[in-house]
Amino acid sequence: MDALMGKTSPKFIVLLFLFLLLLPLTLSADVLLKIDTASTSVLRGMEKEHFRVCMKHDAFIIATADDIAQAELERADIAYEILDDNAWQNPYYLLNKPVLDADSDVVLHADDIAIVRASEADVLRLIADGNDVVRLFDQSLPLDHQTFNTSGLAKSNNGLSKSISRNLPQVADSTFRAYVQRLQDFKTRYCLSDSIDSARDWLYDRFLEFGYTTVETDQFIGPYQTTQYNVFAIKPGTQGTDRVIVVGGHYDSIVFD
């Protein structure tokens with residue numbers, strides 16, 4: 001060892017010492033935090049690299065934070081609770097009106113919701129117990145509500161055919177807003193929640209309201225062997241009836257606030 005140290009330059013020794021000194025900082029794990037929503041105004045300036053909101057509740061937010069973010073929170077005198085000091089090592093799931101047992105790995109239980117760590121087998125058990133399960137993701141959600149801007153949407157006809165442009169004035173911007181807002185009001189349309197059924201029924205009724213006479217649902221097996229449904233309507237054409245034009249979109253989604 002002495003011979004090795006004798007052949008090593010002092011500069012290398014200093015660099016090695018600094019590396020070993022800083023190693024615990026670089027390896028420190030992110031934590032999962034619960035913060036009261038009253039503090040959100042202070043959080044807006046925090047960098048996403050260090051602080052990411054993954055869920056919003058009326059009373060609090062759930063966020064991922066590193067050491068730098070925690071230090072900023074403490075400097076701003078913002079109280080927080082550490083829910084998991086080794087965040088995202090296992091998937092998190094949100095349960096509405098949870099049915100929990102002794103095997104549930106509960107991270108948070110507040111009012112009528114719970115957040116649990118769960119494997120795929122655990123999720124199947126939770127669903128079998130009657131839970132509405134929504135998976136959380138390590139992403140950065142906006143702290144503030146986002147406005148759906150429809151201004152001029154129905155009046156923009158660049159590149160559209162004459163027949164479509166001729167009918168655009170019949171479409172009101174407020175209609176776009178109303179439909180998007182109604183879908184958002186379901187809170188979540190995640191395929192493992194009961195809200196997906198309500199959204200499906202709402203879409204079915206809207207098709208009937210629009211005057212479609214053929215409105216049906218198509219059943220298929222979704223995640224975790226759950227039964228899911230497509231909703232579709234058929235409008236017979238008046239020209240070129242040998243062609244089939246399909247217009248579709250997803251109605252399942254996750255909105256965390």
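Contact means that heavy atoms lie within 4.5 Å, while helices (H or I, at least four residues) and strands (E, at least two) are DSSP runs, numbered from the N terminus. This is a predicted model, in which local features need pLDDT of at least 70 and side-chain atom pairs count only at pLDDT 80 or more, whereas totals for chains, interfaces and linings use all residues. Residues are numbered from 1 along each chain as its sequence is written, and side-chain values use heavy atoms, with hydrogens and water left out.

Q: What covers the buried residues of α8?
A: The cover includes α7 (173-184), β9 (188-189), β10 (214-221) and β11 (227-234). The buried residues of α8 are S195, I196, A199, R200, W202, L203 and R206, where buried means under 20% relative accessible area, exposed over 50% and partly exposed in between (1.4 Å probe, protein chains only).

Q: Why is H50 called buried?
A: H50 has a relative accessibility of 12%, and therefore counts as buried. H50 is found in the loop between α3 and β2 (51-56).

Q: Why is A38 called exposed?
A: The relative accessible area of A38 is 64%, so A38 is exposed. The place of A38 is in the loop between β1 (31-36) and α3 (40-43).

Q: What makes the pair H50 and D66 a polar contact?
A: A polar contact is a pair of N or O atoms within 3.5 Å; within protein, one must be able to donate a hydrogen and the other to accept it, and residues adjacent in sequence count only if both atoms are side-chain atoms. The side chains of H50 and D66 are joined by such a contact of 2.6 Å. At the start of α4, a side-chain oxygen of D66 also reaches to within 3.1 Å of the backbone nitrogen of I68.

Q: How do you know on which side of α4 its buried residues lie?
A: In α4 (residues 67-75), A69, Q70 and L73 are buried. They cover an arc of only 100 degrees around the axis, so they are on the same side of α4; the arc is that of the directions from the helix axis to the C-beta atoms. On the other side of α4, E74 and R75 are exposed.
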